[in-house]
Amino acid sequence: MTIFFEMLIAIIIGTLCGIVTGLAPGIHVNLVVTLVIGSSSILLKYTTPEILCIFIIALSITHIFLEFIPSTFLGAPDASTILSVLPGHRYLLAGNGMMAVKLSCIGCFFGIIISSILVYPVMKLIPAIYPFIKNYMAFFLLCIIGLMILQNTKKVWATTVFLLAGILGLLVLQYSSVKDPLFPLLTGLFGTATLILSMKERNSIPEQYKTEDIALDKKTAVKALCSGQCSAIVMALFPGLSPAIAALFGMQLTKNIGDHGYMILQGCINSAGFIVSIITLYTIEKARNGAVAGIQQLAMNLGQIEILLFIITALVTAAIAVPITFWIGRIFAKYVPRIPYRKLSITICGIIVVLTLILSSWQGLLVLITATAIGIIPGIVKVTRTMAMGCLLVPTVVYYLW
């Protein structure tokens, strides 16, 4: 009974912290996890490593659900939601911002359920295939890059945008000392660039529809969820792969799923990827994100009982996070349209600049300005903005080649 009570308290506190990290641009799960690890010597006097791990899992799962709200309504992306900004912004400007949030929730929730059901098969699959495919990652990524370029009619411009973003990403992530480099890099390419382009097209956000029922094709949803599960496994197998890159892989697996399917796909990858990362830690002792690395430090010897507790925690947290996400999403949908769009966009850009200076100093501000300039190009020359994913793909390819 005591263990159950401690688990419940850890889930509640983790959920509350996840709401904060999910809604606040620039405050990441890894920051909270670092604080927990740093103060673990004190915390472990009052609780156990397993309870701290449960807190981290509840925090991470809640964050995964909530982070789609600012990316949809404010255009403030996280590393795992940068591609969802594009369809999410289209939903917002069509008065369907809440629909984007609900679709993401569907993907997140069923991603956790399906990956939890598949825990045992994935436990057998990962250690069996990891030794054989770890040497082919660069080739795999080059194929994705080629397919991305071929999907554009203006292939020269698409290649140019990809290379510009790739060179910037390489310089920032591997050859600079910028602190928290992903924040100014990704926010510039996909956040501020999107806001600036939208300001030229529209002066206000339309009133948001009170989305209750969503006309969702079941076949599209199933394809998106299946693709999301496969992409999550690929992401967990290889270091350096972000959910955004995994989403590019999923998009190649599943054609013509539209914006509805894409939002489900992205949500599924984010949530299923976290569950599979826990399995990866258990089977091949590899941590694929900061939160799971924190779990690795706290619980050095994971057994099947701990994995079962972690899966139960993820399921319970997901069940709590869904209504919370809907409630907060409705608040955003109600009040964001009342703010003049240009003023809102300028305010968000100003907040991003301030956060960049706080997190990454003046060097980060230079990265933000440069990334924003590159991020604007696709909207002007009319190529897909996913080409700006070169900022992560090029450094990852270089990592695997050298």
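Mentor: Let's talk about the fold and then the aromatic rings.
Mentor: First, this is a predicted model, where local features need pLDDT of at least 70 and side-chain atom pairs count only at pLDDT 80 or more, while totals for chains, interfaces and linings use all residues. Residues are numbered from 1 along each chain as its sequence is written, and side-chain values use heavy atoms, leaving out hydrogens and water.
Trainee: Okay, how many helices and strands are there?
Mentor: The protein has 18 helices and 0 strands, counted as DSSP runs (H or I, at least four residues, for helices; E, at least two, for strands).
Trainee: And how much of the protein is buried?
Mentor: Of its 402 residues, 56% are buried, where buried means under 20% relative accessible area, exposed over 50% and partly exposed in between, with a 1.4 Å probe and protein chains only.
Trainee: New topic: how many aromatic pairs turn up?
Mentor: The whole structure has 2. Rings of Phe, Tyr and Trp (its six-membered ring) pair if their centres lie within 6.5 Å; planes under 30 degrees apart are stacked, over 60 edge-to-face and the rest tilted.
Trainee: Why is the pair of phenylalanine 73 and phenylalanine 332 called tilted?
Mentor: Their planes are at 40°, so the pair is tilted, with centres 5.8 Å apart. Phenylalanine 73 sits in helix α5 and phenylalanine 332 in helix α16, so the pair ties together parts 259 residues apart in sequence. Both residues are buried.
Trainee: What about phenylalanine 109 and phenylalanine 110?
Mentor: Those planes are at 80°, so that pair is edge-to-face. Phenylalanine 109 is partly exposed at 26%, and phenylalanine 110 is partly exposed at 38%.
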